[in-house]
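Welcome! Could you walk me through this structure, one question at a time?

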Amino acid sequence: MKIYVPMDSAAKALGADEVARAILQHAGARGLDVQMIRNGSYGMIWLEPLVEVDLGQGQGRQAYGPVTPADVPALLEGKLQSLGPVQEIPFLAGQTRLTFARCGVIDPLDLDDYEAHGGLVGVKRAIAMGARDILQEVVDSGLRGRGGAGFPTGIKWKTVADADAAQKYIVCNADEGDSGTFADRMIIEGDPFSLIEGMAIAGIGVGATRGYVYLRSEYPDAIRVLTDAVDIARARGLLGPNVLGSPHAFDIEVRTGAGAYVCGEETALLNSLEGKRGTVRAKPPLPALEGFMGKPTVVNNVISLATIPVIFEKGAGHYADFGLGRSRGTVTLQIAGNIKHGGLYETAFGVTLGQVVNEIGGGTASGRPVKAVQVGGPLGAYMPVEKFDTPIGYEEFDQQGGLIGHAGLVVFDDTADMLHMARFAMEFCAVESCGKCTPCRIGAVRGVETIDRIAQGDTAAIELLTDLCDTMRDGSLCALGGFTPYPVMSALTHFPDDFATQKEAAE
Ligand code: NAI
Ligand code: SF4
């Protein structure tokens with residue numbers, strides 16, 4: 001029998017390695033013929049470690065979870081209660097999995113398994129198409145940058161392709177720093193060849209021969225999996241002087257960051273990649289024209305690049321058919337915080353925030369009413385329940401004073417103190433600021449002090465805080481200082497009682 005136990009870090013944090021060891025031990029002791037496959041996670045974190053058993057009798061893969069080492073004897077005797085076939089679990093069955101179609105299904109480091117599940121179809125088609133058609137296909141797909149800013153990927157690639165330079169680069173931003181986000185890590189650990197294939201297509205499209213993945217040091221498992229996958233891809237000719245026998249050269253190097261949030265900002269990332277201090281560069285020049293080592297560079301997020309293969313496999317039209325307004329395709333929602341069914345949920349843009357929290361996520365884990373959802377990481381706005389009918393879409397969120405960012409959602413119940421959360425946002429900015437510009441470097445420190453004054457009952461400080469947020473928003477050089485006002489002002493606007501209560505208590 002085949003048994004699948006995830007090697008994804010979230011599953012490992014919940015005991016997957018111990019379960020895998022127990023399965024091998026018990027199977028060995030009982031003389032059972034078990035082939036163990038360490039797959040990626042499907043993203044249903046509350047069911048991890050989620051083990052699948054394939055008896056090979058046409059019954060498919062039966063899911064069990066969460067499994068503990070103590071459950072293993074019953075699991076091997078077929079006496080453990082099954083969740084049924086994994087694809088029929090409602091959380092998974094309700095998704096539109098394009099980018100994450102293989103994640104959880106395949107052995108992440110088996111290139112044949114990858115190919116058997118649609119892998120490499122995209123890059124072969126891209127090679128046959130030629131550079132101009134590759135660029136047009138990406139434009140037609142409507143794909144926008146999944147790192148957060150939502151800039152059209154095809155336009156970015158065209159800018160690099162049209163730049164006149166002997167050397168160009170593809171840089172993958174895998175410095176996933178937003179709180180509550182884990183999509184980049186999950187796909188790297190569960191389906192690393194999709195990222196490699198996406199980068200190879202990007203390289204062929206824009207005429208770049210080298211790619212770098214800037215991967216955060218906090219993801220040791222992802223670093224190991226991706227490094228191994230790059231070696232396998234090179235050995236099998238997906239990377240190298242002739243990508244899959246074509247005249248195109250493309251190779252990838254994995255580089256590790258050192259833990260600074262600001263190095264997720266593309267120009268700070270490029271500085272860090274060049275061995276310099278991770279401070280933000282002024283734009284222009286855009287990295288698309290003067291990026292890594294001063295050369296035209298595509299800087300794309302992991303999910304943007306890992307989505308490229310499916311666009312070329314199924315066609316731009318297929319991808320663009322999903323979505324809402326100018327937000328085409330699927331969004332990989334990462335549902336976290338105080339939530340019953342936390343995990344990764346890939347769906348077409350257009351689902352409402354309320355559906356995500358209440359129907360998909362099942363409401364709070366504590367069972368208490370939801371108070372707020374922070375969407376888009378530590379720089380995202382706190383959305384109150386009154387805004388739950390907002391559809392997930394770039395423009396739709398913008399109109400409501402929010403942002404989707406990297407599509408991470410952190411849910412809070414009614415015990416959350418929003419003044420405290422506003423203070424945390426300013427404190428986070430003060431700690432992570434690169435120090436290059438004054439509104440962020442000094443403003444964030446003053447912001448913490450001003451919120452402390454409000455907490456102590458100083459009414460005048462509210463106007464000062466609003467003024468400070470305007471200055472940070474309009475005067476900061478990058479999104480860290482410029483977007484910190486989102487969580488602060490949304491907390492103040494939507495939850496004034498939390499600011500007033502502290503005042504009254506002090507009076
Ligand atoms: P931006 O709007 O300045 O740029 C977006 C991208 O488009 C950049 O790569 C930029 O170089 C490119 N671009 C802009 N105009 C272009 C043109 N004419 N031709 C070619 N390329 C062009 O936004 P920025 O500062 O890069 O990113 C901000 C976003 O990052 C925020 O929305 C935030 O949500 C997100 N973010 C994500 C994090 C994560 O962990 N994934 C962490 C922190 C922030
Ligand atoms: Fe650096 Fe903050 Fe200015 Fe960004 S906003 S450049 S992080 S000081």
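The questions below look at a ligand site and a sheet in this predicted model.

Q: Which residues come nearest to ligand 2?
A: There are 13 residues around ligand 2. By class, this shell has eight nonpolar, four polar and one charged residues. The ones that come nearest are Cys434, Lys436, Cys437, Cys440 and Cys478.

Q: Which are the edge strands of the open sheet of five strands?
A: The pairing in this sheet is mixed, and its strands follow the order β13-β12-β16-β14-β15. An edge strand here pairs on one side only. That holds for β13 (343–348) and β15 (382–384).

Q: What is the bridge partner of Val370 in β16?
A: Strands of a sheet pair through backbone hydrogen bonds, either parallel or antiparallel. Strand β14, residues 370–375, and strand β16, residues 408–413, run antiparallel and are joined by five bridges. In β16, Val370 is partnered by Asp413.

Q: Which helix touches β14 and β15, its direction making about 25° with that of β15?
A: Helix α15 (residues 353–360) lies across β12 (330–337), β13, β14, β15 and β16, and runs at about 120° to β14. Another helix, made of residues 485–494, packs on the sheet and touches β14 and β15. The one whose direction makes about 25° with that of β15 is helix α22.

Technical notes:
Residues numbered from 1 in each chain as written. Chains lettered and ligands numbered in written order. Predicted model: local features only at pLDDT ≥ 70, side-chain atom pairs only at ≥ 80, totals over all residues. Heavy atoms only, no water. Near = heavy atom within 4 Å. Nonpolar A, V, L, I, M, F, W, Y, C, P; charged D, E, K, R; others polar. Pairing = 2+ DSSP bridges. Helix = DSSP H or I, 4+ residues; strand = E, 2+ residues; numbered from the N terminus. Contact = heavy atoms within 4.5 Å. Axes fitted to C-alpha atoms, helices over the stretch in contact; angles between N-to-C directions.
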